[in-house]
Amino acid sequence: LPDLLVTDGCIYIVGLIKEPGCLLQSGNLFKVVFGVREAGEYRPILAEVKKDLEDSGISCVLSDNIRKDAMRKFSYISPAAACGQYYRAASDDIQKPGEIRETFKALIKEVMELSKAMGITFEEDMVVTNLAIMDTLAPGVKTSMQRDVEAGKKSELDGLVYSVARMGKEYGIELPTYQKISQKLKQEE
């Protein structure tokens, strides 16, 4: 399909599979962010897709820097998943001052170091931003990766945790918290 354009993107939603064929969305968070990597890939139909999503009541962003926007989301979900799985922690555990919260912050900082090595920089302090997101969650919230691991299903451990440790080596930067967590979680598998 040579004329087909597939954009990069990410979705912000809190939901789970209630039963086969039934998804349960908890909370009001539902946002789609999408865009092309290269300006030359842009097509006017993308603005129509954005309008269609918004007309359907879905918050939508047609990104002009999808690599950065995807990394923004990754800077939250990867540390939340890694920290949550390592400590078997839920949102309320990460919200409390102490070791678990400090680990979450260290993981965010390491993702920011990786981002910088990849040429992606942020104006805002992603530790502050991501703590604010975490602190708004209801008690007991876990990442979908944690729920999948607990249920014995195929999980995103490789993409959300192990890949960060590998990319640190690829880019020649030290990511000690990801290395430690990756090592422990691999031993548990």
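Modeller: The charged end of K184 sits over the ring of Y86, 4.6 Å from its centre. Here a charge sits over a ring if NZ of Lys or CZ of Arg is within 6 Å of the ring centre and within 35 degrees of the ring normal. Two notes on the basis. This is a predicted model: local features need pLDDT of at least 70, side-chain atom pairs count only at pLDDT 80 or more, and totals for chains, interfaces and linings use all residues. Residues are numbered from 1 along each chain as its sequence is written, and side-chain values use heavy atoms, with hydrogens and water left out.

Start with K184. At 31% relative accessibility, K184 is partly exposed. The classes are buried (under 20% relative accessible area), exposed (over 50%) and partly exposed in between, with a 1.4 Å probe and protein chains only. K184 also forms a salt bridge with E188, the closest N and O atoms being 3.3 Å apart. A salt bridge is a side-chain nitrogen of Lys or Arg within 4 Å of a carboxyl oxygen of Asp or Glu. Both residues lie in helix α8 (residues 176–188), 4 residues apart, about one turn of the helix. Helices (H or I, at least four residues) and strands (E, at least two) are DSSP runs, numbered from the N terminus. E188 is partly exposed too, at 38%.

Now the ring. Y86 is buried, with a relative accessible area of 15%. The structure has 2 aromatic pairs. Rings of Phe, Tyr and Trp (its six-membered ring) pair if their centres lie within 6.5 Å; planes under 30 degrees apart count as stacked, over 60 as edge-to-face and the rest as tilted.

A nonpolar core is a set of buried Ala, Val, Leu, Ile, Met, Phe, Trp, Tyr and Cys residues joined through side-chain atoms within 4.5 Å. The largest one has 33 residues, and M71, F104, V161, Y178 and I181 touch the most other members. Elements giving two or more residues to this core are α2, α4, α5 (126–136), α7 (157–171) and α8. Helix α2 gives the most, with 8 residues. Leaving aside neighbours within four places in sequence, Y178 is in contact (heavy atoms within 4.5 Å) with residues including S78, P79, L107, V161 and A165. A second, separate core of 6 residues includes V32, F34, V36 and I58.

Back to charges. The structure holds 12 salt bridges. One of them joins D8 and R37, with the closest N and O atoms 2.4 Å apart. That pair links distant parts of the chain: D8 is in strand β1 (residues 8–19), R37 in the loop between β2 (22–35) and α1 (45–55), 29 residues apart. D8 is partly exposed at 26%, whereas R37 is exposed at 57%. D69, R72 and E124 are linked in a network of salt bridges.
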